[in-house]
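This report describes selected features of one protein model in plain terms. Please look at the sequence and the structure before reading on.

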Amino acid sequence: MSQIKCVGILTSGGDAPGMNAAIRAVTRAAIYNGFEVKGIYRGYKGLITGEITPFKTQNVSNIIQLGGTILKTARCQEFKTPEGRKVAYDTLVKEGINALVVIGGDGTLTGARIFATEYNYPIVGLPGTIDNDLYGTDTTIGYDTALNTIMDAVDKIRDTATSHERLFFIEVMGRDAGFLALNGAIATGAEAAIIPEISTEVDQLEELIKNGFRKSKNSSIVLVAESPITGGAMHLAERVQKEYPQYDVRVTILGHIQRGGSPTAHDRILASRMGSAAIDALLEDQRNVMIGIRNNEIEYIPFNKAIKNDKPIDRELLNTLRKLSI
């Protein structure tokens with residue numbers, strides 16, 4: 001820690017509401033503790049192209065309420081190569097940046113772990129992803145806002161579904177994780193959630209129809225995770241048209257609307273706590289850890305665990321949804 005004088009911040013991968021709140025918290029906590037701060041634009045790509053700016057308190061004024069990320073984000077194939085990472089390291093040395101705080105999801109933390117190991121470089125990660133799929137934290141930055149966006153959209157779709165007595169498949173994000181679909185279904189009173197975690201165990205569509213899910217209802221809403229394991233909403237709608245032609249089925253894909261919008265109070269507070277904790281971690285000589293919050297307590301989760309361990313779905317939530325959808 002005694003060698004750290006300047007902290008760099010970057011956001012990488014898919015954007016998530018609350019990333020700006022995290023950038024603000026890291027910047028101000030770092031300055032409060034006597035560090036210089038530099039913002040790195042466009043994720044790991046900015047380390048290779050040298051898009052780096054000194055950050056003062058005013059650089060992060062009035063951003064806590066903004067969606068997206070003021071530091072921008074980009075995919076970077078070059079950083080996946082040893083040569084690209086060498087250029088990134090040389091940039092950090094040239095800029096006098098002694099430690100990094102990276103904000104992003106699974107891919108972001110994977111890149112951080114590789115780089116930190118290769119160059120013995122101190123990095124702290126913040127879990128910024130709407131998918132909520134990182135092990136070691138009860139919730140990730142952006143998840144709550146995305147869930148509220150889904151709830152608002154589904155409430156509106158239910159109005160037309162009821163008017164026309166239709167079955168609606170609504171596709172939400174979550175390539176490998178069903179947290180948005182499952183909790184979104186509970187929050188909106190949907191009839192079911194089709195998620196990747198149990199798609200290999202049962203035919204969820206067949207189970208849905210077999211259970212007589214429309215016995216007492218004139219419309220139905222089913223949330224579907226976009227995962228290739230579930231096949232997505234379009235695939236399920238095609239199956240219904242072939243196998244159960246008596247149902248009038250429609251599909252809505254919510255897409256990138258789920259990433260946008262002003263972060264909720266929960267996400268602003270979560271990002272602020274995690275951002276401040278990232279600087280605490282560096283002060284405590286922690287490195288190669290992700291900041292997590294479990295049972296409302298800050299925890300340091302090694303990158304290996306955060307990336308490699310699957311975050312399990314709560315099976316009790318599935319039971320709750322089944323009970324309440326009768």
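R239 counts as buried at 18% relative accessibility, where buried means under 20% relative accessible area, exposed means over 50% and partly exposed lies in between (1.4 Å probe, protein chains only). The model is predicted, so local features need pLDDT of at least 70 and side-chain atom pairs count only at pLDDT 80 or more, while totals for chains, interfaces and linings use all residues. Residues are numbered from 1 along each chain as its sequence is written, and side-chain values use heavy atoms, with hydrogens and water left out.

## Salt bridges

R239 forms a salt bridge with E243. The term stands for a side-chain nitrogen of Lys or Arg within 4 Å of a carboxyl oxygen of Asp or Glu. Side chains of opposite charge can pair when their charged atoms come close.

| Pair | Closest N and O atoms |
|---|---|
| D152 and K156 | 3.0 Å |
| E95 and K38 | 3.0 Å |

R239 and E243 both lie in helix α9, four residues apart, which is about one turn of the helix. E243 counts as partly exposed at 41% relative accessibility. Helices here are DSSP runs of H or I with at least four residues, strands are DSSP runs of E with at least two, and both are numbered from the N terminus.

D152 and K156 also belong to one helix, α5 (residues 143–164), where they are four residues apart, or about one turn. D152 is partly exposed at 43% relative accessibility, and K156 is exposed at 52%.

The salt bridge between E95 and K38 links distant parts of the chain: E95 is in helix α3 (residues 82–95) and K38 in strand β2, 57 residues apart. E95 is partly exposed, with 23% relative accessibility.

Is K38 buried or exposed? With a relative accessible area of 13%, K38 is buried. Its place is in strand β2 (residues 36–40). The side chain of K38 also reaches the backbone oxygen of E95 at 2.8 Å. Leaving aside neighbours within four places in sequence, K38 is in contact (heavy atoms within 4.5 Å) with several residues, among them C6, V7, G8, I9, E95 and I97.

Four bridges join β1 to β2, and the two strands run parallel; strands count as paired if DSSP finds at least two bridges between them. V7 stands opposite V37 in β2.

## The four-stranded sheet

Four strands form an open sheet with parallel pairing, in the order β7-β8-β6-β9. At its edges stand β7 (192–194) and β9, each with a single partner strand, so one side of each is left without a neighbour in the sheet. The twist averages 25° from one strand to the next. Helix α9 (residues 232–243) packs on the sheet and touches β6, β7, β8 and β9, and its direction makes about 155° with that of β6. Axes are lines fitted to C-alpha atoms, for helices over the stretch in contact, and angles run from 0 to 180 degrees between N-to-C directions.

Why is strand β6 (residues 167–172) largely enclosed by the rest of the structure? Six of its six residues are buried, so the strand is largely enclosed. L167, F169 and E171 point one way from β6, while F168, I170 and V172 point the other way.

Strand β6 is joined to the parallel strand β8 (residues 220–225) by six bridges, and V172 has A225 as its bridge partner there. With strand β9 (residues 249–253), β6 pairs in the parallel sense over five bridges, and L167 stands opposite V249.

## Nonpolar cores

A nonpolar core is a set of buried Ala, Val, Leu, Ile, Met, Phe, Trp, Tyr and Cys residues joined through side-chain atoms within 4.5 Å. Of the 64 residues in the largest core, L126, L180, I221 and L223 touch the most other members. A second, separate core of 25 residues includes L92, I97, L109 and I307. In soluble globular proteins, nonpolar side chains tend to be buried together.

Technical notes. Polar contact = N/O pair within 3.5 Å; in protein donor to acceptor, adjacent residues only side chain to side chain.
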